[in-house]
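I hope they are handy while you have the coordinates open.

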Amino acid sequence: MDLPGMVSALIGTSAGTGVAVALGASEPERVARVADVVQEWWIEELWATSPTNWPPCPEHPDSHPLQAVVAVERAVWACPTGGRVHHEIGALPAVRT
């Protein structure tokens, strides 16, 4: 993609999914935007074969994933229904397999 004032990339395989962020946006806004697009890509890619409730909302683990947002000038994962912040983006605890 070649968009003035934006930086962009493709993620995934085959057709890929595009993500673009405004160069003039704050760092937390850019991080939240990229996290949001990657989360959507993850859900679309895996919905038929794997759980897509990622990252799961600790308050509603069987209902919805957390949402990438900007809160108090930080990019965070928050509950989409109550707004409670749970993790900074990039600081989720490791998943043990």
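1. In helix α1, the buried residues are Pro28, Ala32, Ala35, Val37, Gln39 and Ile43; buried here means under 20% relative accessible area, exposed over 50% and partly exposed in between, with a 1.4 Å probe and protein chains only. These buried residues pack against β1 (6-11), β2 (17-22), β3 and β4, where contact means heavy atoms within 4.5 Å. Helices (H or I, at least four residues) and strands (E, at least two) are DSSP runs numbered from the N terminus.

2. Please keep in mind that this is a predicted model: local features need pLDDT of at least 70 and side-chain atom pairs count only at pLDDT 80 or more, while totals for chains, interfaces and linings use all residues. Residues are numbered from 1 along each chain as its sequence is written, and side-chain values use heavy atoms, with hydrogens and water left out.

3. Gln39 deserves a look of its own. This residue sits in α1 (residues 27-46) and has a relative accessible area of 4%, so Gln39 is buried. Its side chain reaches the backbone oxygen of Leu66 at 2.8 Å, a polar contact (a pair of N or O atoms within 3.5 Å; within protein, one must be able to donate a hydrogen and the other to accept it, and residues adjacent in sequence count only if both atoms are side-chain atoms). Leaving aside residues up to four places away in sequence, Gln39 touches Trp54, Pro55, Pro65, Leu66 and Trp77.

4. Now to the sheet. Three strands form an open sheet in the order β3-β4-β5, with antiparallel pairing; two strands pair if DSSP finds at least two bridges between them. At the edges stand β3 (67-71) and β5, each with a single partner strand, so one side of each has no neighbour in the sheet. On average, neighbouring strands of this sheet are turned by 45° against each other, direction ignored. Axes are lines fitted to C-alpha atoms, for helices over the stretch in contact, and angles run from 0 to 180 degrees between N-to-C directions.

5. β4 and β5 pair in the antiparallel sense over three bridges, and Val76 stands opposite Glu88 in β5. Helix α1 packs on the sheet, touching β3 and β4, and its direction makes about 170° with that of β3.

6. Which aromatic pairs turn up? A search of the whole structure finds two, counting rings of Phe, Tyr and Trp (its six-membered ring) with centres within 6.5 Å; planes under 30 degrees apart count as stacked, over 60 as edge-to-face and the rest as tilted. The rings of Trp42 and Trp54 have centres 5.6 Å apart and planes at 40°, so this pair is tilted. Trp42 is partly exposed at 32% relative accessibility, and Trp54 is partly exposed at 31%. For Trp54 and Trp77 the centres are 5.8 Å apart and the planes at 70°, so that pair is edge-to-face. Trp77, in strand β4, is buried at 3%.
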